[in-house]
Amino acid sequence: MKRRIGMLHGGASYHVNTLTDPTVLEHDITSLYLPGLVDNSTRSQLADLEALLICDRLHPGLLREHAGALLGVADRGGTIVVLGEVEAHTWLSDVDFSPRPTNFWWWLTGESPGIRRHNADHSIWHYVGPEDVVWHYHGILLPARDVTPLVSTDDGGLVLYEDRSSTAGRLLVSTMDPVHHHGSNFMPAATRFLYGLLRWLAADPE
Amino acid sequence: MAPVLVLTMGTPSALAAQHDLVADLDLYELPQTELKQARGLLVGPHVDQVFLSQYETKLDRFVHGGGRLVVCAQVALPFATGLTRFIPLTYRSVCDLTVHRLAAHPVWRGVAPEDLTFRRGVAGFYGRGFYPDPPRCAQVVHGLGPRRLPLDLVYPLGDGEVLLHGGNDLWGYADDDTTAARMTPQLLAWVLSEPPEKA
């Protein structure tokens, strides 16, 4: 039986385009519209989900307002993926954020993007290729609790990590914005990252 | 109220921070906001089009009354008269992504098309798709690739005008060290100028 996966979007063109992409829809995604969470009928759909992908670039004020309901998916033992540019540090507990300038150009100049992969035996790496996370990030996360680092930067921050301690389930948190790039017809690595995340959520490996 | 409003999605815009005549307006406050005092409304790529498409009448009324609506986005859900869905391009080479100037317009005065085609030598930032069916009265300013597919267009609507760019916000190039930086001040000057006399 397929896992019940939801995707929370904010109505931007790249969210709408991603949620009409046949490769994404193969996972029988339940589409949830962030401003719609004020309605009980929309909010009640969260109760049925085993996994939730919170798209990048959502309105942080609305996320803060609905954080309790959203995190309920993980409190019930489910998995939540939180993507970048959503001010996650203002509605997740025990994590700080520090912005970084976007480096679109490292591959042109030959400089190192300063991105390092960790825990190569983690299940995510069966679905996401190492090169799929090497493009750019918008800042670094500095969690105060014990998390599993998955991608870090040379300056000691995290770009992707798994947190299995703050809820009964798990959170996978990133500062990258693959939905924006995938849904804007830009950057194949972002598309591979997004597709890999969805396959990982669908498989739900330990 | 500032004469130029930028619709924001919960984070302040750099444009409003840098220009006295520009203010941020959170998208979800649009229904309660009287637009009569505004001269221009700027809509960028991150704006919720599901929401905005419910306010087409309000936006049309604003433009009909002499306002300037600037849309820099890949429109998925049209939210004003004359807007159509953006079509992503299957591109294979720089040739497909080359920006061609088809008409002069004050917003792009002195902006070299090469500075739009390439950003630090990379093609594709400016546009990767097109608007297939511009309104008949539209002036197509830039076309993309060998078929000159409409990427930037300006059209009259009532007493106002709509400027449509099929990419990221034109004011996001403000700090570029090329002629592309000219678009920001020229866009603001155009928004604040009097609409053209009707023929």
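Helices (H or I, at least four residues) and strands (E, at least two) are DSSP runs, numbered from the N terminus. This is a predicted model, in which local features need pLDDT of at least 70, side-chain atom pairs count only at pLDDT 80 or more, and totals for chains, interfaces and linings use all residues. Residues are numbered from 1 along each chain as its sequence is written, while chains are lettered from A and ligands numbered from 1 in the order in which they are written.

**Exercise 1.** Find how many helices and strands chain B has, and what box its C-alpha atoms fill.

*Solution.* Start with the elements: chain B holds five helices and twelve strands. Next, take the principal axes: along them, the C-alpha atoms of chain B fill a box of roughly 45 × 35 × 35 Å.

**Exercise 2.** Work out which residues of chains A and B meet.

*Solution.* Two residues are in contact if their C-beta atoms, placed from the backbone, lie within 7 Å. By that rule, 17 residues of chain A and 22 residues of chain B take part. On the chain A side, helix H1 (13–18) and helix H4 (60–75) each give two or more residues. H1(A) gives the most, with three residues.

**Exercise 3.** Identify the contacts of Val82(A) beyond its neighbours within four places in sequence.

*Solution.* First set those neighbours aside; the partners of Val82(A) are then Ile54(A), Ala88(A), Leu92(A), Leu171(A) and Val173(A).

**Exercise 4.** Decide what share of chain B is buried.

*Solution.* Call a residue buried if 20 or more other C-beta atoms lie within 10 Å of its own, with C-beta atoms placed from the backbone. Of the 199 residues of chain B, 46% then count as buried.

Conventions:
A residue is buried if 20 or more other C-beta atoms lie within 10 Å of its own, exposed if 12 or fewer, and partly exposed in between; C-beta atoms are placed from the backbone.
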